[in-house]
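Work through these exercises with the model open. Try each task before you read its solution.

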Amino acid sequence: MTTVGTTPPALDADALLRDPGIRIVVCCGSGGVGKTTTAAALGVRAAEHGRKVVVLTIDPARRLAQSMGIDQLDNVPRRVGGIGGDGELHAMMLDMKRTFDETVEAHADAERARAILENPFYQSLSAGFAGTQEYMAMEKLGQLRARDEWDLIIVDTPPSRSALDFLDAPKRLGSFLDGTFIRMLMAPAKIGGRAGMKFLNVGMSMMTGTLGKLLGGQFLRDVQTFVAAMDTMFGGFRTRADATYKLLQAPGTAFLVVATPERDALREAAYFVERLAAEKMPLAGLVLNRTHASEASRLSAEQALAAAENLEAARIVDQTAGKTGLRDPSVTPSPETAGSAPSAPPGSPAGPADPQDRSRADEAREGSASHPHDDARERQDTTDTKKRTDAPEQAGAPGTAGPTDGPHDERPLAVEDLTVGLLRLHAERMQLVAREATTRDRFTALHPEVAVTAVAALPGDVHDLDGLRAVGERLAEGAGSGAA
């Protein structure tokens, strides 16, 4: 039975980034959980803490360049502007083929390197052969670490389980180089002549089948030339890959598993945690990304729904004023007419009912008769006032029946309607918070040793350095909040 409510240890992101002993941070996790944003935010925060940082992304997405204000990322680290403090931030994106070319050029003489780079089989291999990207990521990481130019390297890995494929690259490379396939390809160069090509053709037909039939002898000769040229470099590949693998196991490396508080993402996170433990890789903790909370958590989802239903039920039963309903606006007295005397019935003489008022009215009429110019001026003022009063109606002003107005309900939104909507929104938020807490607690029950930091969801996407800073702040503030 799963224990719910286990409190995980807190992951202190700032302490991790400030630690001079930490030289490599690797962010891994399934797709769509925010690894690229997390890696970039960590880089910005570490640089503004005074460290010299380079962020290496293997994900082909361009979000990292956009958020850092760089036109594009390539295989060369580029400095990011706008970083405060004494630190520096550089960013780059792995160019698999260029990294392979650089490796060949660095470990072969000029003539042999040119023969390899121009070889058609090498060009196909370096452009997209299965596993090449992961191995080249290992090569690039080793190159960056060997230069000792940066005191912190942050690696953003590819999505899904392939994020850990680079852990297998040295083993796969060793098996490949020591396997039957390579020995078979190298044999013709050592045997030579027709016997060698015959042996090669037999081996390749056994290994590649239809591929050998389609591409024929030219393809086989390209492979043979490639293997012969690379023969002296194979040992160096294996040595460097093994050294990088050991570097990932060293105390100066920290792995961060990134996930969202969803079942599938945390299932993948559990896989990463278990795999890292099996490979004896140092796990720093789990970044639980895009979490939700509520400052009105004292009102539960059940209470909010019950209150909403009570309000709705009351409105159905009683629509009278003073209860939960509103009066019909057509019969509600306006503030101007409230408390005034009732209007005269049809057919009754109009005018003031009080004798003193009638006397004042007669005096006014007499005065206007003795001043014809004033009377004309008054009529003109009355006409102008009416024009100004009628103008909003003709323009279709709000609340009037102008020519541009269509039929609509002018009754104002009831306070109770708004309250019911807010209560239901709050209930949905609290249900989401409870669901995330349950999913998180299942993970922490299975892996209580894993430190957690929860990163609250931002209201929008991250597009610039300020957004990355906001994520970094939430990374630091979220230490231990996964248990909240």
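**Exercise 1.** Which residues line the largest cavity?

Solution. Keep in mind that this is a predicted model. Step one: list the lining. Val26, Ile58, Ala137, Met138, Leu141, Val155, Phe166 and Leu248 line the largest cavity. Step two: sort these residues by class. Eight are nonpolar, and none is polar or charged. Step three: find the main contributor. Helix H7, residues 132-147, gives the most to this lining, with three residues. Step four: note the volume. The largest cavity holds about 50 Å³ of space.

**Exercise 2.** Describe the second largest cavity in the same way.

Solution. Start with volume: about 40 Å³ of space lies in the second largest cavity. Next, the lining. Its residues include Leu11, Ala13, Thr38, Val287 and Thr453. By class, the lining has seven nonpolar, two polar and no charged residues. Now the helices. H1 (13-18) and H2 (35-48) each supply at least two lining residues.

**Exercise 3.** In what order do the strands of the open sheet run?

Solution. The sheet has eight strands, ordered E3-E4-E2-E5-E1-E6-E7-E8, with mixed pairing. Its edge strands are E3 (78-79) and E8 (452-456), each pairing on one side only. Then take one pair in detail. E2 (residues 52-57) and E4 (residues 88-93) run parallel, joined by six bridges. Val55 stands opposite Ala91 in E4.

**Exercise 4.** Which strands does H7 touch?

Solution. H7 packs on the sheet and touches E1, E2, E4 and E5. Now read the angle: the direction of H7 makes about 165 degrees with that of E5. Finally, turn to H2. This helix lies across E1, E2, E4, E5, E6 and E7, and runs at about 165 degrees to E5.

Note on methods: Residues numbered from 1 in each chain as written. Predicted model: local features only at pLDDT ≥ 70, side-chain atom pairs only at ≥ 80, totals over all residues. Heavy atoms only, no water. 1 Å grid on protein atoms, 1.4 Å probe; cavity = no way out; pocket = protein on both sides within 12 Å on 5 of 7 lines; lining within 4 Å. Points joined across faces, edges and corners; volume = space filled by probe spheres on them. Helix = DSSP H or I, 4+ residues; strand = E, 2+ residues; numbered from the N terminus. Nonpolar A, V, L, I, M, F, W, Y, C, P; charged D, E, K, R; others polar. Pairing = 2+ DSSP bridges. Contact = heavy atoms within 4.5 Å. Axes fitted to C-alpha atoms, helices over the stretch in contact; angles between N-to-C directions.
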